[in-house]
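Please open the model in your viewer and keep the sequence panel beside it. The stops below say what to select next and what is there.

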Amino acid sequence: MSKPSRPPRSRFTRRSTAAQVTAGIDLRGKTIMITGCNSGLGFESMRVLALRGATIIGAARSEEKARDAAAKTDGTVIPVACELSDLDSVAGCAEEVSGLGRPIDVLMCNAGIMALPELQQKYGLELQFLTNHLGHFVLVNRLLERVKAAPSGRVVVVSSLGHYSTVAGGINFDNLSGARRYVPFTFYGQSKLANLLMSNELSRRLEGSNATSNAIHPGIIMTPLMRNIGDVRATLASLFSWPVSRSVEQGAATQCYVATSPGLDCVSGHYFADCNPARMSAHGQSRELASRLWSVSEELAAGYL
Ligand SMILES: NC(=O)c1ccc[n+]([C@@H]2O[C@H](COP(=O)([O-])OP(=O)(O)OC[C@H]3O[C@@H](n4cnc5c(N)ncnc54)[C@H](OP(=O)(O)O)[C@@H]3O)[C@@H](O)[C@H]2O)c1
């Protein structure tokens, strides 16, 4: 498949909703897996994409949470448990999903946590890096053959504008545990940069196949993600001039657009915001950093890939 170097601009904006950007798109016969399907942008994406006819594989930390979310959704949802900070759970989920024997048309890596106030670690890794990046890295790698089995499979990685606010050097490979120094929001930024770099490296590895990978920033939306930031509006506005100004329905638009727009069939390795191509940070554009992160992630996840 030949890939256009620049993705097309769309007529959608920051005000468009997930329902609007998918209007008229028939997803019957498609299978879409979404992590973090029980809350916020993941739930809204599941709701809208199921309405358009897709079969959703809805992943949440526990089967109970996934089942509860499925029960609130009109359409076909297969609930699965996927605790991203537990690599045995991720591997088990991937096995269960592979066992369904379906091609995966879209794998939407949406779940995430933000700005944990105190350092938390597992497997010797800081928890945001583990949950937001490494858990998804294992899931994507284990399901890649299923994505490639679809006519034009898409990996959609929910990154963030927060990828700009990362540690010195982008990814601090010498402090992935956070033990030397831990700054809550900066470590969130590192994990979101890792999401973007994973998508970019994956797109290079998918060259020559029919599958693609792109990353997105959804906007700033009041969801439970913000639970660790006291006065969210004031904090984000004063630190980054980031306005909290869109609804969950609008927040889910960019990931649903990149997941389903027919015009993006061959588009890969890009970053979107407001349903349009957006500029990555310098670290986000670094091939060297992406390649190194991929190798280090393979080492960290050895035995789970
Ligand atoms: N909201 C924003 O302004 C904003 C801005 C930029 C980027 N994003 C990104 O958008 C994505 C969705 O966030 P949201 O705003 O919709 O937040 P949210 O409502 O808190 O949803 C996050 C989802 O991730 C799940 N999750 C958290 N830790 C997990 C784990 N260890 N294993 C499996 N699932 C886990 C949550 O499950 P539980 O409900 O069980 O905790 C929840 O379903 C995240 O990747 C976030 O970084 C959001």
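Begin by selecting strand β8, residues 212-217, which is mostly covered, since six of its six residues are buried; a residue is called buried if 20 or more other C-beta atoms lie within 10 Å of its own, exposed if 12 or fewer, and partly exposed in between, with C-beta atoms placed from the backbone. Helices (H or I, at least four residues) and strands (E, at least two) are DSSP runs, numbered from the N terminus. This is a predicted model, in which local features need pLDDT of at least 70 and side-chain atom pairs count only at pLDDT 80 or more, while totals for chains, interfaces and linings use all residues. Residues are numbered from 1 along each chain as its sequence is written.

**The whole sheet**

Now widen the selection to the open sheet of eight strands, whose order is β3-β2-β1-β4-β7-β8-β9-β10, with mixed pairing. Its edge strands are β3 (77-81) and β10 (276-277), each of which pairs on one side only. Strands of a sheet pair through backbone hydrogen bonds, either parallel or antiparallel.

Next select strand β1, residues 31-35: five of its five residues are buried, so this strand is largely enclosed by the rest of the structure. Both of its faces are covered, with T31, M33 and T35 on one side and I32 and I34 on the other. Five bridges join β1 to strand β2 (residues 55-60), and the two run parallel; within this pair, I32 stands opposite I56 in β2. On moving from β2 to β3, you find parallel pairing over five bridges, where I57 stands opposite I78 in β3. Two residues are in contact if their C-beta atoms, placed from the backbone, lie within 7 Å, and axes are lines fitted to C-alpha atoms, for helices over the stretch in contact, with angles running from 0 to 180 degrees between N-to-C directions. Helix α3, residues 63-71, lies across β2 and β3 and runs at about 160° to β3.

**A glycine in β2**

Is G58 buried or exposed? Select this residue in strand β2: with 27 C-beta neighbours inside 10 Å, G58 counts as buried. Leaving aside residues up to four places away in sequence, G58 touches a set of residues including I34, C37, M46, A66 and I78.

**Around the ligand**

Show the ligand next, together with the 29 residues that surround it, of which the closest are G36, G40, A111, G112 and L225; a residue is near a molecule if its C-beta atom, placed from the backbone, lies within 6 Å of it. Helix α2, residues 40-51, supplies the largest share of this shell, three residues. By class, the shell divides into 13 nonpolar, 13 polar and three charged residues, where Ala, Val, Leu, Ile, Met, Phe, Trp, Tyr, Cys and Pro count as nonpolar, Asp, Glu, Lys and Arg as charged, and the others, Gly among them, as polar.

**Two crossing helices**

Select helix α6 (residues 184-205) and helix α10 (residues 287-300), whose axes come within 9 Å and cross at roughly 95°. The two helices are therefore roughly perpendicular to each other, a term for angles of 65 to 115 degrees, whereas angles under 35 count as roughly parallel, over 145 as roughly antiparallel and the rest as oblique. Here A194, L197, M198, N200 and E201 in α6 meet L289, A290, S291, L293 and W294 in α10.

**Loops to finish**

Select A115 in the loop between β4 and β5 (121-122); this residue has a positive phi of about 55° although it is not a glycine, and it is partly exposed, with 19 other C-beta atoms within 10 Å. Then go to C275 in the loop between β9 (271-273) and β10, where phi is again positive, at about 60°, but C275 is buried, with 26 other C-beta atoms within 10 Å. Most residues other than glycine have a negative phi.

Technical notes. Two strands pair if DSSP finds at least two bridges between them.
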